[in-house]
Amino acid sequence: MAAQGKKEHLYKILVIGDLGTGKTSIIKRYVHQFFSPHYRATIGVDFALKVLNWDNSTTIRLQLWDIAGQERFGNMTRVYYKEAVGAFVVFDVTRLSTFEAVQMWKADLDNKVLLPNGKAIPAVLLANKCDLASEGFLGNINQLDDYCREKGFHAWFETSAKENIGIEEAARSLVAKILENDETIDHPQPDGDGIRVGEEDGRAPKKTKCC
Amino acid sequence: MIVSLLQGDIQEEYAAIDKDTEQLTDRQIDVDIPRCHQYDTLLSSRDGHCKFKRILKAWIGSHPALVYWQGLDSLCAPFLALNFNDEALALACLSTFISKYLHNFFLKDNSSIMQEYLAVFSQMIAFHEPALFNHLDSTAFNPELYAIPWFLTMFTHILPLHKIYYLWDTLLLGNCSFPLFVGVSILQHLRDDLLTFDFNECILMFSDMPDIDIQACIHDAVRAYLATPPSTYLRKHDHTYSPPTDVPPEALREPLSLDVLRQESCPHISAHDVIALCGLEYHALGYGGGARESGPTHSLRSPSSPLQRRAEVGRRRGKSGKGGRKGRKGVLVDIRSQEEFRAGHVPGSLSLPHQLAFQPDGSLTPSLPSSSLSSVRTSRVIIVVANKGKSGPEFARQLVRLRFPHVCVLHNGAAVLRSLGLLTALGEDP
């Protein structure tokens, strides 16, 4: 173990948005550097894990929770939101209805999970399938900036899982925000009461481990 | 000839259903079909996509109380692939299958049905795989995180078509609870890995379902199913359940509420099943039934189901071996105080008063009854007999922590045995 205190973080991140917007594709691209047009639908939830060497002294593990897009699953997926510290909300730039649903997803997110300090968890908006973007839909970019401010998004990015555009940047932006929150929010010491054996390796996603 | 008559009706019905009018769910169907079992040449063909959509729309149209859940597409896939040139037959199969195995799973609000199924599944994991149950429980890796697609699609979302056919050939012989044991069996086949995995590794494993030996898996599922007293997996939402007749009503049990199901790790068992397992007889009350030779009978649920019959044939062909004797399949563990035990107990039951049974480290306090219990730990169903309250479920949970398999709690406890006239005072043992 390094004496200079190498830090390890485990963060739980939700990926939400309407069905067929490419949530699974974004995750597969980000984690496996791979794209296929035919991922099976997500029923309930799927997972992926991404390890980031953030800087010389920090390793970050992102636990990505890929939540079913069909809104019917909303009731069932409530338990999946617990202890998340960040979220991507995804829409498909070729389908206006998926953008209209973004507000609903954001409101649902804020309703289901909050940071320990009672604030909304940071959310980044992903305008996916930008390689297929039809003209005029997104209007001008300033509008989306305003939209994000108004709806409480930390940032937004144009992404394409197919062409590998914007995903790394979006993730860096979200993680930076999570780290910033992590430093300002008090949370219980890992060795405090109520931490059970077995949480050590993955249960308590907010914990900071110093070795 | 009957088939051809049926065929005629099916065709007419299918023709009469509106499959063309645009509906809200069309968009979902359009997104789902091109990513459903697309390695199959028929299902990935243009024609296949059109047929697929028509059948799904026809199912929705003909079931106004139910809705399209993602996963219905996977469920439909094998029927379409097998009846590619007969859409009406594919729909008839799909409808019949869903009404038998997935009754009300496709309601708009299916949460009570799904959650009950998962909670019973969790108890079946504890019943058959205590060590794995303990591990998954301590890592908070719950069935809600991985088993929804298993049951909502009857495994069609996680298995390729050729394995689905193999699995369903057996599944179709069983009742609507049999899939629980397929789930248990899948976990058993992944047990060695799962036991060493932390939460992250567990979730990753199920996100990308590993290749499983489906034949071995089915074999073990049937074995687990037959080794499980039917009353232990009783569900409120099992529409096929009809209680056995000619049995005193108190010998049966009613389903537990969802809250209780979730609180208690171990299933409840009815006195009726206990009587069969332990070779007891309905003494009083003039009920003739008594125990049957083969232990708790799955005929409780579906009178001599094909799966049962097939297993019976297998059993008869197999070694006659031990265990043939009546009443050698269950052991009663009476956890009430010694005074209560003396005043009335079932002859042959083990007295392990709860307050004295466990040492501070959780292990069993050495005693004659506790070593008797340990000696039958893998060969008997362990039935905890307690007074009403939390004692029984807690005792059972502790046995599961100690990795005892086949642990269950007698529903309504000692009071039921008393009212059935099965308790004998010490010294009066026959």
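## Salt bridges and polar contacts

Across the interface of chain B and chain A of this predicted model, the rule finds 0 salt bridges, a salt bridge being a side-chain nitrogen of Lys or Arg within 4 Å of a carboxyl oxygen of Asp or Glu. Polar contacts do turn up there: 9 residue pairs, both residues at pLDDT 80 or more. (A polar contact is a pair of N or O atoms within 3.5 Å; within protein, one must be able to donate a hydrogen and the other to accept it, and residues adjacent in sequence count only if both atoms are side-chain atoms.)

## The interface

Contact (heavy atoms within 4.5 Å) links 35 residues of chain B with 31 residues of chain A. The two chains bury about 3,100 Å² between them, 58% of it on carbon and sulfur atoms; buried area is the accessible area (1.4 Å probe) that two parts lose on being put together, summed over both. B:Arg35, B:Gln70 and B:His157 supply 20% of what chain B buries against chain A, more than any other three residues.

## Around B:Trp150

Where does B:Trp150 sit? Beyond its neighbours within four places in sequence, B:Trp150 is in contact with residues including B:Phe121, B:Phe155, B:Ile186 and B:Phe206. B:Phe106 and B:Trp150 have the most contacts inside the largest nonpolar core, which has 147 residues. Such a core is a set of buried (under 20% relative accessible area, 1.4 Å probe, protein chains only) Ala, Val, Leu, Ile, Met, Phe, Trp, Tyr and Cys residues joined through side-chain atoms within 4.5 Å.

## Reading notes

Residues are numbered from 1 along each chain as its sequence is written, and chains are lettered from A in the order in which they are written. Local features need pLDDT of at least 70, side-chain atom pairs count only at pLDDT 80 or more, and totals for chains, interfaces and linings use all residues, while side-chain values use heavy atoms, leaving out hydrogens and water.

Methods. Buried means under 20% relative accessible area, exposed over 50%, partly exposed in between (1.4 Å probe, protein chains only).
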